[in-house]
Amino acid sequence: MSEEHLQQDEAQDESQVPGTEEPSQAPDGEASSDAAVEDDRLLRLAADFENYKKRAARERQEYVALANERLIAELLPILDDLERALSAAEQHEEAQLEEGVELVHRSLAGLLERHGVQPISTEGTFDPHVHEALLSQPSEAEEGSVIDVVQKGYKLGDRVVRPARVVVAAAAPEETTDGDA
């Protein structure tokens, strides 16, 4: 063999065939490129999540505003009725005043009922989950029963919006007999 052939054979041995890189070089190059791709993916994911949180908060605020707007629109006719009742009161027409106030009460109660607001029952025994005891008063009624309602309570679905403020019956006072008199 000539020297030229020997040099070509050595050159071919030194040149690398694609896909047969040395193992010591492969992980470093691929690892840094894989890490960069992974970092980019995680940054994009974090940005997408932040955008989602902002969008969800904005939508929640819009829902609340829309719900408030609907409620206010339904309350305005009741406000009108109340203003008419007040103007009747200025004219001292007591029959019209009473009718006007009753109309406002029925309108407001109907509106609240349509939106799922129900009064809390105050019949029977005291329930600390829906009643607020303002005081306990001796009574002939069964101990622990509600004997008077100071302020009505309301529920929206199963949630208590305002507890009923009540007076609860205490044990009747014992009559003492003086046998030594």
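**Exercise 1.** State how many helices and strands the chain of this predicted model has, and give the order of the elements from the N terminus on.

*Solution.* Step 1: the chain has three helices and six strands. Step 2: read from the N terminus, the elements run α-α-α-β-β-β-β-β-β.

**Exercise 2.** Determine which strands form the open sheet and how they are paired.

*Solution.* Step 1: the sheet has the strand order β1-β4-β5, with antiparallel pairing. Step 2: β1 (117–119) and β5 (159–162) each have a single partner strand and stand at the edges, so one side of each lacks a neighbour in the sheet. Step 3: on average, neighbouring strands of this sheet are turned by 35° against each other, direction ignored. Step 4: β1 and β4 (residues 154–156) are joined by three bridges. Within this pairing, Tyr154 of β4 is the bridge partner of Pro119.

**Exercise 3.** Classify Leu79 by its accessible area and identify the surface patch to which Leu79 contributes.

*Solution.* Step 1: Leu79 lies in helix α2 (residues 26–90). Step 2: the relative accessible area of Leu79 is 42%. Step 3: together with Ile72, Leu76, Leu82 and Leu86, Leu79 makes a nonpolar surface patch of about 440 Å².

Conventions:
Residues numbered from 1 in each chain as written. Predicted model: local features only at pLDDT ≥ 70, side-chain atom pairs only at ≥ 80, totals over all residues. Heavy atoms only, no water. Patch = residues over 30% accessible without salt bridge, like charges linked within 9 Å, V, L, I, M, F, W, Y side chains within 5 Å. Areas by Shrake-Rupley, 256 points an atom, 1.4 Å probe, with all protein chains shown as cover. Salt bridge = Lys/Arg side-chain N within 4 Å of Asp/Glu carboxyl O. Helix = DSSP H or I, 4+ residues; strand = E, 2+ residues; numbered from the N terminus. Buried < 20%, exposed > 50% of the residue type's maximum accessible area, 1.4 Å probe, protein only. Pairing = 2+ DSSP bridges. Axes fitted to C-alpha atoms, helices over the stretch in contact; angles between N-to-C directions.
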